[in-house]
Amino acid sequence: MNSLIKEMQALAQELLASGEVKGVFGWTKGSRWYLTPPLFIQKAEDAIKLHYDEFAINNLTSLLLDYRNSDDKIAIFVKGCDSRGILRLIQDKQVNPEKVLVIGLPCPGMVDKEAVKDQRHVHDLPLLRKCQECRYPNPVLADRTLGDVQVTKEPGVPIGITAERAIQKGVGSKGKERYQEVKEIEALSADEKYAFWQKQHEKCLRCYACRNICPACNCRECIFESDKKGWVNKAATTTDNAFFGITRAMHVAGRCVDCGECERVCPAGIPIMKINRKIMQDIDELFGTYDAGTDLEEAGPLNHFKLDDPEEFL
Amino acid sequence: MKAFPKAKLQEVLKTLASKGTLYVPALVDETHRYYPYRADIQVSLEQNSAISPKEIFFPSTEKIYNFTAYGIDGDYEEILPDRTACVLFGVRSCDMQAILCMDDVFLTRGYIDEYYATRREGATIVALGCSKAGADCFCSSMGLNPVEHEGADAQLYDLGDYYGIQGRTEKGEKVVEALAVAGLLSESSAEVLVPEEFVLQVDSEGIAEKLQAMFEHSLWDQLWRKCINCGTCTYLCPTCHCFDISEKKKNQHCGVKIKCWDSCMFNEYAMMAGGHNPRPSKKEKVRQRFMHKLRYFPERYGKYQCTGCGRCIAKCPVNLEITDVINQVREAKVNG
């Protein structure tokens with residue numbers, strides 16, 4: 001891992017020093033051993049602040065939205081799951097691929113900081129569930145790669161210098177079980193499902209962290225930003241919260257890249273990915289297996305019309 | 001000191017709940033916040049609540065009046081909170097200090113918020129001293145004593161197998177008396193447990209003064225870069241008190257005016273009627289949040305508007321830590 005970090009720092013240093021890019025998004029070591037938060041650097045000498053480890057969980061891609069009107073080229077480090085966010089932004093025409101330099105990294109599998117027992121001393125932590133269920137551990141798109149990772153549009157096993165460790169920890173070991181939680185909800189009666197989601201939406205604070213971290217939530221102005229239109233209002237009641245949650249889920253339907261950031265950042269602990277995964281499962285069943293944000297040329301089943309599309313609802 | 005065994009916590013809570021609404025930190029549907037006490041609720045005093053108790057006095061959404069409007073004819077009907085007494089049990093020093101910050105905003109300087117005042121007046125606050133610092137706690141760095149807070153009506157101390165209790169005000173003495181009458185109190189000479197050294201520490205001395213010359217500092221050009229402008233920090237913060245008044249219309253003639261939490265992180269927050277936004281980008285929004293906490297509030301009310309509860313640090317999606325901001329302000333070079 002240290003050699004990979006050195007490679008990252010050297011590349012960032014070179015890109016900034018040569019003026020090829022005006023900024024680099026990566027991660028840095030945080031205030032405690034289990035924190036590796038985002039970092040944006042603009043000076044070559046700051047490249048040594050870059051860090052990467054199994055706590056670099058943040059998907060940085062939505063931060064590119066701050067530069068969508070800028071002429072500056074920005075470099076960004078991505079893990080496999082993050083790279084799908086780049087495709088999302090390019091396909092949604094929010095990011096000009098000429099203005100972003102994507103650097104693909106091998107992923108060691110991210111661990112769960114919620115399981116930290118001792119803040120002072122480093123100890124082992126379990127792999128995140130989303131990483132156990134990971135099907136795209138390698139970048140699906142990258143202009144450069146480090147750590148011997150390879151770009152691939154297909155689901156697969158981890159490649160590169162961290163691959164052995166990642167596989168050992170169980171990255172992708174539960175890829176086939178990713179709809180397990182959806183099945184558990186589907187098994188409930190209609191009333192139970194309603195009660196379950198009411199309880200979840202009751203907790204929502206309407207902080208919009210889920211929306212703001214999401215590479216698929218890239219509207220210039222979100223309808224929930226303004227109540228002037230009278231469609232939505234600011235009341236954080238269960239009904240209004242559900243309206244927000246469901247509207248968001250439907251808006252990212254077929255575009256959600258499965259990075260799980262919305263659920264990770266929810267301060268209320270709402271299992272947002274259950275609803276996103278439900279939609280993914282429905283799309284798989286209705287239109288055939290489809291993974292959003294893996295193929296730049298593929299528009300996605302909800303984005304175009306085919307004569308043989310299923311239409312059971314008619 | 002008077003004390004009751006921790007094993008009798010449920011009886012203590014039942015006794016207090018029999019006198020009026022009792023709010024306790026509890027886990028319901030995996031959410032740790034203050035709930036009205038019920039016998040079957042899972043009370044959780046191990047660590048501070050994830051959601052601060054500010055919502056008891058300042059709910060995230062409240063109706064303030066119903067209105068009707070037919071042409072130039074209109075009417076309204078105020079909706080005021082009930083004047084009922086309540087007890088908040090287990091409030092930590094950080095959240096007690098935060099309530100004092102909210103008191104400053106809503107009850108002083110010639111403006112009294114009737115909604116806040118009504119709820120606050122009826123409340124008795126039973127604080128709980130911490131014997132263990134949470135992962136993101138730094139109250140001691142913000143000048144607080146985690147073990148006790150003088151602003152509380154009554155103070156609980158962790159004595160190991162017992163909770164010690166001391167009344168501080170008339171309202172607090174009533175709580176102690178109620179427990180004594182119920183035969184729950186005995187004398188204990190056990191030592192008060194205190195937290196070991198905090199993992200997170202920061203030197204906040206003089207930061208408000210230093211920030212006076214830093215509005216245009218280059219520090220702000222960097223701090224916003226990872227912020228996603230969500231409202232997590234402000235909504236979890238026990239002192240953030242911004243709200244917006246809007247409405248829910250039933251039809252074109254009638255509806256209800258509502259007062260809802262608002263956040264300086266949101267784009268619409270500073271938007272003016274003409275469409276001008278004086279805080280257009282993330283930079284201005286992030287600067288405003290920290291300036292308010294660390295400079296404007298101390299200037300106006302003589303205390304920091306951050307009490308070191310650590311909730312924003314724990315839940316910030318990008319780990320933008322106010323302790324780090326304080327450190328960066330301390331280290332920043334100021335010209336002239």
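This is a predicted model: local features need pLDDT of at least 70, side-chain atom pairs count only at pLDDT 80 or more; totals for chains, interfaces and linings use all residues.
Chain A is assigned two domains, with domain 1 covering residues 2–176 and domain 2 covering residues 179–287. The centres of these two domains, taken over C-alpha atoms, lie 25 Å apart. Their contact involves 14 residues of domain 1 of chain A and 11 residues of domain 2 of chain A. On the domain 1 side, helix α2 (residues 80–91) of chain A supplies the largest share, six residues. By residue class, this side of domain 1 of chain A consists of four nonpolar, five polar and five charged residues.

Chain A also contains an open sheet of five strands with mixed pairing, and the strand order is β2-β1-β3-β4-β5. Strands β2 (38–41) and β5 (144–145) of chain A each have a single partner strand and stand at the edges, so one side of each has no neighbour in the sheet.

A helix pair in chain A was examined next. Two packed helices are described by the angle between their axes and the distance between the axes. For helix α6 (residues 190–203) and helix α8 (residues 238–251) of chain A, the axes come within 8 Å and cross at roughly 95°. Because angles of 65 to 115 degrees count as roughly perpendicular, α6(A) is described as roughly perpendicular to α8(A). From α6(A), the contact is made by W197(A), Q198(A), H201(A) and E202(A), and from α8(A) by T238(A), N241(A), A242(A) and G245(A). These contact residues divide into two nonpolar, five polar and one charged.

Beyond the helices, one residue of chain A was considered individually. G300(A) is located in the segment that follows α10 (272–287) of chain A. G300(A) has 17 C-beta neighbours inside 10 Å and therefore counts as partly exposed. When neighbours within four places in sequence are left aside, the contacts of G300(A) are G254(A), R255(A), Y290(A) and A292(A). R206(A), by comparison, is 94 residues from G300(A) in sequence and 29 Å from G300(A) in space, C-alpha to C-alpha.

Chain B is likewise described by its domain assignment. Domain 1 of chain B comprises residues 2–58 + 82–187, and domain 2 of chain B comprises residues 207–242 + 264–331. Their centres, taken over C-alpha atoms, are separated by 28 Å. The contact between them takes 21 residues from domain 1 of chain B and 17 residues from domain 2 of chain B. Helix α3 (residues 93–107) of chain B provides the largest share of the domain 1 side, eight residues. The domain 1 side of this contact in chain B holds 12 nonpolar, five polar and four charged residues.

A sheet of chain B is open, has four strands in the order β6-β5-β13-β12, and is paired in the antiparallel sense. β6 (73–78) and β12 of chain B are the edge strands, each with a single partner strand, so one side of each is left without a neighbour in the sheet. On average, neighbouring strands of this sheet are turned by 25° against each other, direction ignored. The antiparallel strands β12(B) and β13(B) are joined by seven bridges. K248(B) is placed opposite V256(B) of β13(B).

The two chains also touch each other. The contact takes 31 residues from chain B and 36 residues from chain A. On the chain B side, the elements giving two or more residues are α8 (232–236), β12 (243–249) and β13 (254–261) of chain B. Of these, β12(B) gives the most, with four residues. The chain B side of the contact with chain A divides into 10 nonpolar, nine polar and 12 charged residues.

How values were computed: Residues are numbered from 1 along each chain as its sequence is written. Chains are lettered from A and ligands numbered from 1 in the order in which they are written. Domain bounds come from an automatic or database domain assignment. Two residues are in contact if their C-beta atoms, placed from the backbone, lie within 7 Å. Ala, Val, Leu, Ile, Met, Phe, Trp, Tyr, Cys and Pro count as nonpolar, Asp, Glu, Lys and Arg as charged, and the others, Gly among them, as polar. Axes are lines fitted to C-alpha atoms, for helices over the stretch in contact, and angles run from 0 to 180 degrees between N-to-C directions. Angles under 35 degrees count as roughly parallel, over 145 as roughly antiparallel, 65 to 115 as roughly perpendicular and the rest as oblique. Two strands pair if DSSP finds at least two bridges between them. A residue is buried if 20 or more other C-beta atoms lie within 10 Å of its own, exposed if 12 or fewer, and partly exposed in between; C-beta atoms are placed from the backbone.
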